[in-house]
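The following exercises concern a predicted model. Please work through each task before reading its solution.

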Amino acid sequence: MELIPISKKKEKITISFCNEPAAEDVTGSMLYIETPNHKILVDAGLHQTNDRYEDFLVNNRKPKDFKPKEIDLIFFTHNHGDHCLLAPKLYKDGCRAKSIVSQDSTGVLAQMIMDCAQINMRDVLVINTQQNKNYDSLYSIEEAEFFMKFVSEYPVNEKIKLDNEISFMLIPSGHLLGSVQVLLYITIGMCTKTILVTGDLGNRQIDNRFVGKFVPIEHADIVIGESTYGDRPDLKTELKERENDLQKLKSIIDTQVCEMHGRVLIPTFAQSRIQQLVAMIYELYKNDTNFTHKIYVDSPLSIRIFKEYSSVLEGKDLEIFNEMLEWKNLQFIQESEDSKALVASKEPCVILSTAGMCNVGRVRHHLKALVGNPNATILFVGYSTPGTLASLLKDPKRDTITIDTKEYPIRCASYLLKSLSGHAPYWQLVDYYSSINCSKIILHHGSPKAKQGLKNGLEKELSKKCNTARVVIANSSLKFNL
């Protein structure tokens, strides 16, 4: 971008939450920032629940706070669907903004975007049939490819000046490979204001594979922070819990697969989580010559992302990753016919399939086959947005579950490995936010209960530290000037 003079027309910064779902819950992140010379988005995520039609309507509506063609900068915190997969829809509607991601993130983003385009086109056919409508898909493969032409990578931990008004830093958040916090420096006249958008923060107490290290920020004028686990001060996800979960994971596989000759199904995310899980299982069994059961990765998107990881990982992570890919027990299922054969077979095995929320993907076919099977275990490994199929399956009071309009009895076993969540737990959020020298902390990307719980705990901790920062809960109509 060329250097531009500072405008005298409107010497203020406006921040709004675009009627974004993340202002109300953990989905569909999109933050709008307007300066005298720029109109900026941080993230452009899909609204994702268990209602295909409602999600489509929400994602297809026009933004109320801006026109896509007027946006000139988009920053992405990471490559999860609820943070980035709405972007091609904006470009379909006229956006031509420079889109900024962290270094080595473009390959995975492209895979995520193309996969989502295919899902969009399949979903709209179902919606049109069920609703007797004639909707166009959110975006096509061609429109996804068009969006990718505007994506640029930038290094982390380096202050980048775009013009006289906007500079930024991308700071690792430890949530997944390439995930960052976005620190914006906005200069108007002789005054520079800083806005930190945390995106999703990782658990810094646990050394998760293939995600990078969290780097804290000490100062910002405004902090806009996630609050996913804001209502879970009781949730423990530290080293002891990770060790216990690894033992639990091995015990479940040993019992269900090796002894009972049944199946373990792990619904998971194609990006980061499935790679971590395969590495964990590999470490548990790589030296066990008696363990001959297959570990199936049944997800074309995951397989493509495995390949992307091979080209960007470095050092010890790359060494372990390459060893894991050579493991004879690990099998990738690419073709749909092979996936159908796996669903129909009775082979004792472990199956990792996407998506983690169970809203789309091949995992739904496995669930249909296994949820009513008493000799099967569904193993959940992280947070599930309320209302998603995964969250409904976690409810111990449920006797039946509806998948694709058909009701199934729930007879399988189910367990949750809490320490595998990619999100920072409550106490880490409280500790981090209260340690930042800032004037205001805005909590979003969490349920109303989570945001209120985090606000209460955060205000107590701020008081202890004599930090005068004000804590604000975001909602869909929040807009303020800086």
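**Exercise 1: Accessibility of Asn322**

At 35% relative accessibility, Asn322 counts as partly exposed.

Task: In which helix is Asn322 found, and how is its accessibility classified?

Solution. Step 1: Asn322 belongs to helix H9, which covers residues 315-325. Step 2: buried requires under 20% relative accessible area and exposed requires over 50%. Step 3: the relative accessibility of Asn322 is 35%, so Asn322 is classed as partly exposed. Step 4: as to its position, the C-alpha atom of Asn322 is separated by 53 Å from that of Glu11, and these two residues are 311 apart along the chain.

**Exercise 2: Cysteines**

Task: How many disulfides does a search of the whole structure find?

Solution. Step 1: the search returns zero disulfides. Step 2: for Cys84, the nearest cysteine sulfur is that of Cys116, 8.4 Å away. A disulfide requires two cysteine sulfur atoms within 2.5 Å, so Cys84 is in no disulfide. Step 3: Cys358 is likewise in no disulfide, the nearest cysteine sulfur being that of Cys412 at 11 Å. Step 4: Cys84 has a relative accessible area of 0% and is therefore buried. Cys358, at 0% relative accessibility, is also buried.

**Exercise 3: A hairpin**

Task: In which sense do strands E17 and E18 pair, parallel or antiparallel?

Solution. Step 1: E17 spans residues 400-403 and E18 spans residues 406-409. Step 2: four bridges join these strands in the antiparallel sense. Step 3: within this pairing, Ile403 lies opposite Lys406 of E18. Step 4: two residues separate the strands of the hairpin, and Asp404 in the turn has a positive phi of about 50 degrees.

Definitions and conventions: Residues are numbered from 1 along each chain as its sequence is written. This is a predicted model: local features need pLDDT of at least 70, side-chain atom pairs count only at pLDDT 80 or more; totals for chains, interfaces and linings use all residues. Side-chain values use heavy atoms; hydrogens and water are left out. Two strands pair if DSSP finds at least two bridges between them. Buried means under 20% relative accessible area, exposed over 50%, partly exposed in between (1.4 Å probe, protein chains only).
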